[in-house]
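Let's take a friendly walk through one structure, looking at a pocket and the strands around it. Have the picture ready as you read.

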Amino acid sequence: QEQLVESGGGSVQVGGSLSLSCAVPGSRIVVNTMGWHRQAPGKQRDLVATIAGARAIKYADSVKGRFTVSRDYAKNTVALDMKNLKVEDTGVYYCLAEIWKRGAWVEYWGKGTPVTVSS
């Protein structure tokens, strides 16, 4: 089973910045969509930003203009640059990758990295 390698995150005050990164290790792996979801305390996991194999990018309305998702297609990595962070951005951020396995696209998730924004 693929294990996504996440890094980044941490704690910051309102208005600060943080970056996350995620990699799909291994070679000869075909990846479609990669991106990030987050789960705030007591809430469901929601989309933050994704970037598809065709380079289509999707952002949650709440992060547009503040977060930037980017991807290195050769290295199968995805990054999330977060600026002007708000308290409501607090949560566990999970990396997602759709990987081609045995004739189908399979979703893989990272273990999650916490982001805490304090006022």
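## Before we start

Strands are DSSP runs of E with at least two residues, numbered from the N terminus, and two strands pair if DSSP finds at least two bridges between them.

This is a predicted model, in which local features need pLDDT of at least 70, side-chain atom pairs count only at pLDDT 80 or more, and totals for chains, interfaces and linings use all residues. Residues are numbered from 1 along each chain as its sequence is written, and side-chain values use heavy atoms, leaving out hydrogens and water.

## Strands and hairpins

Start with β4 (31-39) and β5 (45-51). These two run antiparallel and are joined by six bridges; Q39 stands opposite R45 in β5. Their hairpin has five residues between the strands, and G42 takes a positive phi near 75 degrees there.

Next, β5 pairs with β6 (residues 57-59), again antiparallel, over three bridges. Here I51 has I57 of β6 as its bridge partner. This hairpin also has five residues between its strands, with R55 at a positive phi near 75 degrees.

## The largest pocket

A pocket is an open set of points on a 1 Å grid over the protein atoms alone, where a 1.4 Å probe fits, with protein on both sides within 12 Å along at least five of seven lines; lining residues have an atom within 4 Å of a point.

Which residues lie nearest the centre of the largest pocket? They are R38, A40, K43, D46 and E88, from a lining of 14 residues. β5 gives the largest share of that lining, three residues.

Note on methods
Helices (H or I, at least four residues) and strands (E, at least two) are DSSP runs, numbered from the N terminus.
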